[in-house]
Amino acid sequence: MTTALILVDLMPRIIALPLAPYSGDEVLARCRELAESFRASRRPVVQVRVERPNVAEQPPGSDFTEGLVHDSDLVVVKRTIGAFYGTGLDESLRKLGVENLVIAGLVTTMGVESTARAAADHGYEVEFVADAMSGLAADEHEFAVERIFPRFGEVRNTADYI
């Protein structure tokens, strides 16, 4: 049974938002640690970013944060809130034999939650890294982590994976 790490929307323009309870830089640092740990144990790392559909040019800061993506990582570009719809992510994960997903990134109640709900719909076991994600407001993040995510899977912290 293979476990993959999915990192959602770690893009400069999203990292720079006023996030809570953790800053974008804090989340990025923890996500880098998680990715290094997964790569060291030869488990897949999936990097997800969003592109706005139907625009001639993406806003500044729409690429991945520098140095985040490694050659071995699976890269997904989504055009919706979640990472599964229209991206081929499910097919790519199935080819790798992935059954479990560890999800982190930005923003808790948007890209992270939407990706997790779709993952559950696709039959994956889901884990959440609560201190490696953050919301647009601390109370939104805390509600999702304490009330919503436990209904879909395990809620852990970065230290549990390092």
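Angles under 35 degrees count as roughly parallel, those over 145 as roughly antiparallel, those from 65 to 115 as roughly perpendicular and the rest as oblique. The structure is a predicted model, in which local features need pLDDT of at least 70, side-chain atom pairs count only at pLDDT 80 or more, and totals for chains, interfaces and linings use all residues. Residues are numbered from 1 along each chain as its sequence is written, and side-chain values use heavy atoms, with hydrogens and water left out.

Helices (H or I, at least four residues) and strands (E, at least two) are DSSP runs, numbered from the N terminus. Helix α4 (residues 108–121) packs against helix α5 (residues 138–148) at an angle of about 25 degrees, and their axes lie 10 Å apart. Such axes are lines fitted to C-alpha atoms, for helices over the stretch in contact, with angles from 0 to 180 degrees between N-to-C directions. The two helices α4 and α5 are therefore roughly parallel to each other. Contact (heavy atoms within 4.5 Å) involves T108, T109, E113 and R117 of α4 and E140, H141, A144 and I148 of α5.

Buried means under 20% relative accessible area, exposed over 50%, and partly exposed in between (1.4 Å probe, protein chains only). Beyond its neighbours within four places in sequence, I6 contacts V46, V48, L89, L101, V102, I103, A104 and T115.

G67, in the loop between β2 (45–50) and β3 (74–78), is exposed, with a relative accessible area of 53%.
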